[in-house]
Amino acid sequence: KGKMEHKIKGGIAEMENLIDSFVDFTKNYVDSPIEFVEAAGYSLISAVMGEFLTSEWLPSLTRRPNLWIVLSSIPGRMRRSSLNAIYDPVYREGKKVVLRERVEDEEELERLAELTKIEEGSPEGIVDHIEYTNLDAYHYSSTEFGIVLQRIQSQGWQYGVGKVISKLVYGEGGTVYLSRRSDKKSIRVLRPNIYCDGFLGLQEFYLYITEEMIRQGLIRRFFIIYVPKNPRYLPPINENRLYLKDDLQDYIAKFVKRTTEVKQQKIIQVTWHPKVLEEINKIDKEFADAVDEDPSLYNLAVQSSWEHVAKLCVCREIANLNGIKMFQGEPTIIVSPQTFEKVYDFFNRTTASLEEGFERIGVVKERPKIREGPYERIKRHIKRALAKGILPTRSYLMQRTGFGREELIEYLADLVAREEVEEKIEQTRTKPRTYYVLTEKNR
């Protein structure tokens with residue numbers, strides 16, 4: 001049943017994987033986009049087991065796989081509350097395994113597991129909560145992350161929650177200036193090496209993210225999964241739901257068993273197959289070249305994608321229900337090419353519509369009142385971009401001209417038909433990149 005029926009090259013049956021098992025049973029009870037369900041599986045591994053895994057090739061001060069996942073879709077189609085109804089019990093039981101040595105009373109253990117969660121709050125409140133609880137790891141959970149982003153806009157970068165989140169992502173400590181009250185600065189000291197991951201949700205992300213957030217670097221710290229349309233549907237009255245409790249308990253038992261195995265090792269070293277490291281470097285080079293050629297908001301926001309891929313790989317590898325081997329006297333797992341391929345497929349599927357969303361950030365709602373016509377304006381920006389060595393992609397032209405997406409596509413189609421502009425396609429490793437050049441008679 002499940003993953004045991006699938007094969008990889010060489011005809012070897014795949015071992016069971018906790019992420020795949022989570023998807024296999026959860027999709028029967030929740031009609032969230034399947035990408036959201038998969039993301040929840042990865043997040044659970046990161047949130048509960050991630051603090052025990054380390055690798056010199058992981059980013060941040062902690063060198064651990066703390067994923068910060070943001071789920072985004074149109075209102076009402078995310079089904080985040082339904083997904084949380086399954087996610088939260090698994091997280092809680094896993095955290096109880098991690099924290100069990102701290103307290104003996106079961107009720108106190110439940111309370112301590114809840115205290116590992118940070119749900120929104122002011123920047124002062126977040127830092128004070130960490131100082132008060134004094135735990136090793138935290139989980140930032142917010143179903144309305146748009147409110148947090150709005151607060152970042154109103155407070156500014158230096159004195160807002162954005163600064164705190166940025167430090168938590170990379171495990172950085174230090175003095176943080178958080179807000180101003182009565183012309184006095186509020187100062188908090190955040191201790192370093194805190195492990196903190198995030199599982200966040202908001203409606204259309206482009207309504208909350210600003211250009212400043214992207215250029216400050218905050219947004220590239222998040223693995224944003226945007227699903228504009230959800231093809232899945234489950235009726236609310238469904239007899240399958242009668243089996244949820246049993247299936248959930250079965251999964252929790254597997255999850256707790258694996259968490260216990262991981263915790264017993266204290267620290268597990270993560271090593272990498274050379275081909276995996278090579279592929280991750282290729283991904284980084286691809287996105288770095290994209291920024292150099294076209295510093296659009298999308299390319300700036302996703303330029304650290306290699307970090308997300310690397311963390312996903314570690315989470316997926318430890319989720320394989322096989323033994324943890326000893327290497328040179330240390331518990332060790334090796335990220336295999338098969339793990340990378342599955343992660344990379346997930347990454348590509350979950351980011352397929354992302355550029356479309358970023359194209360809508362900061363776009364002028366009404367066409368600017370200018371003397372030149374729309375075709376002349378587009379050609380002017382194409383010419384200017386090429387003179388600077390920038391590939392004028394559609395997202396680049398949207399930002400520069402102020403036209404809406406559909407409007408710009410229509411104008412470009414007219415220009416191509418009139419042989420004033422040529423459409424070029426450049427093959428890249430992730431996906432083809434379309435850009436535009438002026439025809440010879442229009443240069």
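A salt bridge here is a side-chain nitrogen of Lys or Arg within 4 Å of a carboxyl oxygen of Asp or Glu. Keep that cut-off in mind. The model is predicted. Across the whole structure, a search finds 29 salt bridges.

Start with Glu16 and Lys254. Their side chains meet in a salt bridge, N to O at 2.6 Å. This pair ties together distant parts of the chain. Glu16 sits in the segment before helix H1 (18-26), and Lys254 sits in helix H9 (residues 244-264). They are 238 residues apart. How exposed are the two partners? Glu16 is partly exposed, at 25% relative accessible area. Lys254 is partly exposed too, at 34%.

Next, a pair within one helix. Arg215 bridges to Glu211, with the closest N and O atoms 2.7 Å apart. Both belong to helix H8 (residues 211-216). Because they are 4 residues apart there, about one helical turn separates them. Glu211 is partly exposed, with 37% relative accessibility.

Some bridges share partners. Through them, Arg92, Glu93, Lys96, Arg100, Glu106 and Glu110 join into one network.

Let's look at one pair from that group. Glu93 forms a salt bridge with Lys96, and the closest N and O atoms are 3.4 Å apart. Both residues lie in helix H3 (residues 80-99). The spacing is 3 residues, about one turn of the helix.

Is Lys96 buried or exposed? Lys96 has a relative accessible area of 4%, so it counts as buried, the limit being under 20%.

Note on methods. Residues numbered from 1 in each chain as written. Predicted model: local features only at pLDDT ≥ 70, side-chain atom pairs only at ≥ 80, totals over all residues. Heavy atoms only, no water. Helix = DSSP H or I, 4+ residues; strand = E, 2+ residues; numbered from the N terminus. Buried < 20%, exposed > 50% of the residue type's maximum accessible area, 1.4 Å probe, protein only.
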